Amino acid sequence: MYLKIITGCVCILLSYGLSGQTRSWSEGGCVPVSDISDGDSLAYQAGEKFSFSIHYEWGAIDSDVGWANIVLDTLRVNGTKAFHCMVYGRTTRLYDLFFPVRENFQSWFTYDGLKPLRFTRDTHEGKYVARNTYVYRRDGLSDDHIMAEVYTSSDGDRSVELPLNACTFDLPALFYFARNMDFASVEPDRKYPMTFAIDDDVYNVYFILRGPETIKVRGVGTVKTIKFSVKLISGNVFTGDEDLSVWITDDGNRIPVLFEAPILVGVASGRITDWSGLKHPFSSLVRK
């Protein structure tokens, strides 16, 4: 049970609160975003860092079970300036005794235009291991694709070719793309589809804008936010009956400060605990 709870929490965080609702090899769409053609106009900058705590509640259990760090930097990839995102998550020492989890996601995407270039995943969940290495191939024609080298301890090594369009991302790249959402063009309560690739498949995801909300984030203070929700697939972790809720700062940074999701047993949530290197003032923090 700890595996399902903790892995579900970490995956929520890495995917910015997005889970696949239906698999799709052909459909896709982009949520409306502001100008992303120039990296200098984005909601973030190199040097930005976040820390999050993963929490679980069920009956008498009410504790933090893991944490995750996200770091953004820039470098050159084949002579092109690019962002490099590093995401590392793990269970706390206490929960390591029950089921140790380690998640290491890294993504490289262009500084101008936020086009994914490369992605790696290294996951250890108890005795289960999963590794991904993606290279994005684009030539402007219909056969754009992702070359994916995938390994799992259950199925071994395999090479697959995944479909790629202008709105297909890996999870870290999707996280940064979505933070440039153009709120003036997004209608409340409407589904906006995107696609992301993980392992050997591609999934549809949906942003649903719910509206402004002022909330209290433990250890941070009172924050003016914009709330989103996403329908979750039912399965071994999530109930499929309720939405995942995500709150992002109502300022230029668009930082996710809180997420919450009902799971089959209890409620999983996450909250921001530390940040640095923000491009814009944290003006939505109205009271500590």
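Is Glu 48 buried or exposed? In this predicted model, Glu 48 has a relative accessibility of 0% and therefore counts as buried, where buried denotes under 20% relative accessible area, exposed over 50%, and partly exposed the range in between (1.4 Å probe, protein chains only). Residues are numbered from 1 along each chain as its sequence is written. Because the model is predicted, local features require pLDDT of at least 70 and side-chain atom pairs pLDDT 80 or more, whereas totals for chains, interfaces and linings use all residues; side-chain values rest on heavy atoms, with hydrogens and water left out.

Side chains of opposite charge can pair when their charged atoms come close. A salt bridge is defined here as a side-chain nitrogen of Lys or Arg within 4 Å of a carboxyl oxygen of Asp or Glu, and the count by this rule is 9. One of these joins the side chains of Glu 48 and Arg 179, with an N to O distance of 2.7 Å. Glu 48 is placed in the loop between helix H1 (2-14) and strand E1 (49-58), and Arg 179 in the loop between helix H3 (171-178) and strand E10 (191-198), so the pair ties together parts that are 131 residues apart in sequence. Helices (H or I, at least four residues) and strands (E, at least two) are DSSP runs numbered from the N terminus. Arg 179, at 1% relative accessibility, also counts as buried.

Asp 200 and Arg 158 form a salt bridge through their side chains at 3.2 Å, N to O. This pair links distant parts of the chain, 42 residues apart: Asp 200 lies in the loop between E10 and strand E11 (201-217), and Arg 158 in strand E8 (residues 156-163). Asp 200 is partly exposed at 31% relative accessibility, and Arg 158 is partly exposed at 23%. A salt bridge of 2.8 Å (N to O) is found between the side chains of Arg 210 and Asp 189. Here Arg 210 belongs to strand E11 and Asp 189 to the loop between H3 and E10, 21 residues apart. Arg 210 is partly exposed, at 36% relative accessibility, whereas Asp 189 is exposed, with a relative accessible area of 53%.

Asn 253 is buried, at 0% relative accessibility. The C-alpha atoms of Asn 253 and Arg 179 are 7.7 Å apart in space, although the two residues are 74 residues apart in sequence. A polar atom of the Asn 253 side chain lies 3.0 Å from the backbone oxygen of His 280.

Helix H3 is mostly covered, with 8 of its 8 residues buried; among them are Leu 171, Phe 175, Tyr 176 and Phe 177. At the start of H3, a side-chain oxygen of Asp 170 reaches to within 3.0 Å of the backbone nitrogen of Ala 173.

Conventions
Polar contact = N/O pair within 3.5 Å; in protein donor to acceptor, adjacent residues only side chain to side chain.
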